Amino acid sequence: MDDSRNNNFPLEIKNVEEKTASILMKYFTGEHTGYVRVGPKGYFFPIKYKQEAAHIYNMEIRPTDVFVTSYPRSGTTWTQELVWMVANDLDYETSNAMPLTDRFPFLEFSICVHPVLAKNLIVENSHSEENLKVLQWVTQPGTEQLALIRTPRFVKSHMPLSLLPPNLLETAKVVYVARDPRDVAVSFFHLNKSMRTQGYIGDFKTYWKFFINDLHHWTPYFEHLKEAWEMRHHPNLLFLFYEELSKDLRAAIKRVADFFGKSFTSEQIEKLCEHLSIENFKNNKSVNYDVMKVVGVFIQDGQSFIRKGKAGGWRDYFDEEMTQEADRWMEENLRNTDLRFPHMQNF
């Protein structure tokens, strides 16, 4: 097993065993080289993470930076738009005119774009100078993008806190959102099939096995959540649950407003609730990553980046065996923590 250590990055990066990587690459056709595990918790990434690990860990954090972090498909996009709107005093005009990808660069997206895919995308978009510029922007390392952006900067990341700059919470504001892992798995399964960066071709049951065995991007899932949960009382971190946003969006908006020192009238909050409603959100071109469809990263299958936004939708995908397996997995991972999802008080 190949060990790699960057002088500017304090954690060990190990290549995933070749046999395991080969099996994964048969299912995830967007990766062609392999995968790595990072640090004592073994966070799992495409091998390209090696190129970005030190850049991300050592990036300069500005006091006005705002990060929205999460495990993927936990309500990240929803939370990004909510946070951006609150922090920018409900600027609907800019929100509607500027795609969320421009307002909120995705810090580590470039690690998911394998050079083989990047080359294919360049060929496919060679007919359009504009497309090539968009492609260059969305595949450029996030640290390079952010270095060019004026203050204040809004940053999206699925990195656990331990792989982000160590001075992050002492310097900037962070909003973390968590969601029932069963709903996360269903939503991420669909995205993995639609995004060519992943190119997943298997069924859900197989995907679920990869997910709970920490053989998928940004896993282990519960370690990711626990890191943020342990810091939930830090004045610069706001911990949200997707299920809370779904159940009482007004209350969530007020919490976010308090976190950013903002105050809105009942009418303003009502209007923002309407803007953020799942139905409106699904039809909002600004937040639906349409730019990814234009350049071919996102398969044009008619599916919206924002899916159903339904809490508890996992029941439509899990058979009895998987349900029991999920119960055991969650119980085991929640045993030594007081982390509890609002709707899961039995664990």
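## Backbone geometry in the loops

L90 lies in the loop that runs between helix 3 (76-87) and helix 4 (92-97). In this predicted model, the phi angle of L90 is near 60°, a positive value in a residue other than glycine. Most residues other than glycine have a negative phi, and most peptide bonds are trans. L90 has a relative accessible area of 12% and therefore counts as buried, the cut-off for that class being under 20%.

A positive phi is also found at D214, again near 60° and again in a residue other than glycine. D214 is placed in the loop between helix 11 and helix 12. With a relative accessible area of 24%, D214 is classed as partly exposed, because buried requires a value under 20% and exposed a value over 50%.

## Cis peptide bonds

The loop between helix 11 (204-212) and helix 12 also contains P220. The peptide bond that joins T219 and P220 is cis, with omega about 10°.

A cis bond is likewise present from T151 to P152, where omega is near -5°. P152 belongs to the loop between helix 8 (142-148) and strand 6 (154-157).

Helix 12 spans residues 221-229 and is mostly covered, with eight of its nine residues buried. The buried residues are Y221, F222, H224, L225, K226, E227, A228 and W229. An α-helix has 3.6 residues a turn, so residues three or four places apart point the same way. In helix 12, the buried set includes Y221, H224 and L225.

H234 is located in the loop between helix 12 and strand 8. Its relative accessible area is 15%, so H234 is buried. The side chain of H234 forms a polar contact with the side chain of E170, at 3.0 Å. When residues up to four places away in sequence are not counted, H234 touches L169 and E170.

## Strand 7 and its partners

Strand 7 covers residues 173-178, and five of these six residues are buried, so the strand is largely enclosed by the rest of the structure. Strand 7 pairs with strand 5 (residues 66-70) in the parallel sense, over five bridges. Within this part of the model, V177 of strand 7 is the bridge partner of S70.

Strand 7 also pairs with strand 8 (residues 237-241), in the parallel sense and over five bridges. Here A178 stands opposite F241 of strand 8.

## Cysteines

A disulfide is a covalent bond between the sulfur atoms of two cysteines. The count of disulfides in the model comes to zero, the criterion being a pair of cysteine sulfur atoms within 2.5 Å.

C112 has a relative accessibility of 4% and counts as buried. C273, at 8% relative accessibility, also counts as buried.

A search of the whole structure identifies three cavities of 30 Å³ or more. The second largest cavity has a volume of about 120 Å³. This second largest cavity is lined by 12 residues, of which T101, P105, F106, V138 and M292 are the closest to its centre.

Note on methods. Residues numbered from 1 in each chain as written. Predicted model: local features only at pLDDT ≥ 70, side-chain atom pairs only at ≥ 80, totals over all residues. Heavy atoms only, no water. Buried < 20%, exposed > 50% of the residue type's maximum accessible area, 1.4 Å probe, protein only. Helix = DSSP H or I, 4+ residues; strand = E, 2+ residues; numbered from the N terminus. Pairing = 2+ DSSP bridges. Polar contact = N/O pair within 3.5 Å; in protein donor to acceptor, adjacent residues only side chain to side chain. Contact = heavy atoms within 4.5 Å. 1 Å grid on protein atoms, 1.4 Å probe; cavity = no way out; pocket = protein on both sides within 12 Å on 5 of 7 lines; lining within 4 Å. Points joined across faces, edges and corners; volume = space filled by probe spheres on them.
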